[in-house]
Amino acid sequence: MSSVEAHQEQLSQSDPSPSPNSCSSFELIDMDAGSLYEPVSPHWFYCKIIDSKETWIPFNSEDSQQLEEAYGSGKDCRGRVVPTDGGRYDVHLGERMRYAVYWDELASEVRRCTWFYKGDKDNKYVPYSESFSRVLEETYMLAVTLDEWKKKLESPSREIIILHNPKLMVHYQPIAGSDEWGSTPTEQGRPRTVKRGVENISVDIHCGEPLQIDHLVFIVHGIGPACDLRFRSIVQCVNDFRSVSLNLLQTHFKKAQENQQMGRVEFLPVNWHSPLHSTGVDVDLQRITLPSINRLRHFTNDTILDVFFYNSPTYCQTIVDTVASEMNRIYTLFLQRNPDFKGGVSIAGHSLGSLILFDILTNQKDSLGDIDSEKDSPNIVMDHGDTANLEEDLKKLQLSEFFNIFEKEKVDKEALALCTDRDLQEMGIPLGPRKKIINYFKSRRNLLGITQPSTQAALGMNLPRESEPHSSTDATRKDKYLDVSVKYPRLIYKPEIFFAFGSPIGMFLTVRGLKRIDPNYKFPTCKGFFNIYHPFDPVAYRIEPMVAPGVEFEPMLIPHHKGRKRMHLGKSIKLELREGLTRMSMDLKNNLLGSLRMAWKSFTRAPYPALQAETAEEAEAEPESSLEQASDVSTEETCAAGKGELPPVNVGMLNRGQRIDYVLQEKPIESFNEYLFALQSHLCYWESEDTVLLVLKEIYQTQGIFLDQPLQ
């Protein structure tokens, strides 16, 4: 007798007869006693913690097949690594764990799944462990072969599974209470459905992603750790962005895919919030934060203060260093994992992330020659004849006792010139010597006429006309807005296009005192620039009016991804819809008041002339409002017709002479109340098909690949 049969024999002694209701369903099934056993087809799943609950998610069909082939190859699974999810995750087969490749994320459990039961609080199926699934499969095989059903099994967690027939298998949880003598688990309680094979459960399994990667896009987030109204991370939001792009490639680039001209675009997130808040600044803020309205203050410290951090020289340096180093690190790792990649690279930023990228791009060097010449410039080496070493400089400042500290930290003269006050403080240098050191290197820098590359100088910005004749005023004005202490890192690649989503770049440039962008200016290493925003986004600002301040013109309207325009409502139509809804609510209120009034009249028999007069006034006002609305519509249509005849506008070379500002079309429901949808509008870009399609269209145009049909 096998172990399975012995286990079933032991359980059958305490197995009460199933109730008629629980077994009536399978008695009506026409069973084929001579049916042959067919092995179950496994599918691989991984476990994610979503809303504090374990959720099992299936790998796509291609990844599951690769995992199964590696599992069944006969080789030792220990140390075997299988890349999944387009190469963004690695599955360590021996450990049964899934690890993120390009970003930090908790590892998730991986399971080879064959048997499932329905979960407790939702309708999602949960896979049994691999070991117990094998026991279930052996029991099922015996039942089919011998045509002996009503098999009963006990799981390691003391749960009961009964195989009534191939169509009816149930799972019972153990009863919570037990007497002092203990109790044997029975099938009492609410049964759960048991399914064999992934094809018998309701779950979406995707086909997989194209292997060929045509282009790489880095996406930098804005303020705070959450990127949308569901408080999801940048990784989750970029996953949505990528999923939307894969769907749009199938629907809008069918010809290119059929001709095998294209693969896909890879979008990878860049996180700078976590490194910034791991510097200890949160502890410093917590000491000075008031105890009242604790949640709101925590939200402020964790999100809104990121804007102030970026305006601080110390933390601005941390942020730009983190963003640039992360993009360089991920790019290098991506090339190592994709040695055949020949495509280009673009970058995208949301909210404050777009400003960070804008400043980094503005301070890049155009060629390797510029980089080589900068290495020899006084920006890095403070003295052309660097014969005097660090020890001699400290001796001049009467600070020789600190030389051992710098030697221990491996800080030479060049490194000391780059140290901030906080760096020196962390090395244990007292306040007085810190000020001496910083002032010494600052004086040397000023003596040599060294200045840090600035956004203002690079953009060719013009100050107000009235300040031009006064050179001293210009210098004062310029020094006020320039921060020479921030050193912008170098990117190891040249981005092809820069996409800004819901960007405050225009506002920040303006408050920095920059009035106008030189029409001839373009990024040193990036050819394209698209400023994409929702019309109700409270954080977004335009760029084109800074290039052509004397001309008024509308932004480019982004076409709907289905090739039609949304119901783009004019002011008069919006007013009409609002008044219609208001009138509807007033009618409901008046009907309710009328019913109450009639009931009150039955008791008092008193008239209400004031209410009747008010109703009459409303009725007289309606024709007038209708006439005004008709007038507004005709006026707006006339203006719209005139706008189409405007000549093309010169918007400079930031986007190769093409338009820069692109506005999404608001949904009809958003037109009812702009303020109600303002916050949502700032966070809508991750799942916006119109936004993603514009990004894909512009990227593939550089490769000579176009949409199947141009959108109107």
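Start with the lining of the largest cavity: by class, it has 6 nonpolar, no polar and 2 charged residues (Ala, Val, Leu, Ile, Met, Phe, Trp, Tyr, Cys and Pro count as nonpolar, Asp, Glu, Lys and Arg as charged, the others, Gly among them, as polar). This is a predicted model, in which local features need pLDDT of at least 70, side-chain atom pairs count only at pLDDT 80 or more, and totals for chains, interfaces and linings use all residues. Residues are numbered from 1 along each chain as its sequence is written, and side-chain values use heavy atoms, without hydrogens and water.

Select I558, P559, D690, L693, L694, K697, L707 and L711 to show that lining (atoms within 4 Å of a point on a 1 Å grid over the protein atoms alone, in a set where a 1.4 Å probe fits but cannot get out). The volume of the cavity is about 50 Å³, counted as the space filled by probe spheres set on the points, which are joined across faces, edges and corners.

Next, select F218, M327, F498 and F529, which touch the most other members of the largest nonpolar core, a set of 97 residues. Such a core joins buried Ala, Val, Leu, Ile, Met, Phe, Trp, Tyr and Cys residues through side-chain atoms within 4.5 Å; buried means under 20% relative accessible area, exposed over 50%, partly exposed in between (1.4 Å probe, protein chains only).

Stay on F529: beyond its neighbours within four places in sequence, its contacts (heavy atoms within 4.5 Å) include F358, F498, N655 and R659. For a second, separate core of 17 residues, select F402, F406, A417 and L424, which are among its members.

Definitions and conventions. 1 Å grid on protein atoms, 1.4 Å probe; cavity = no way out; pocket = protein on both sides within 12 Å on 5 of 7 lines; lining within 4 Å.
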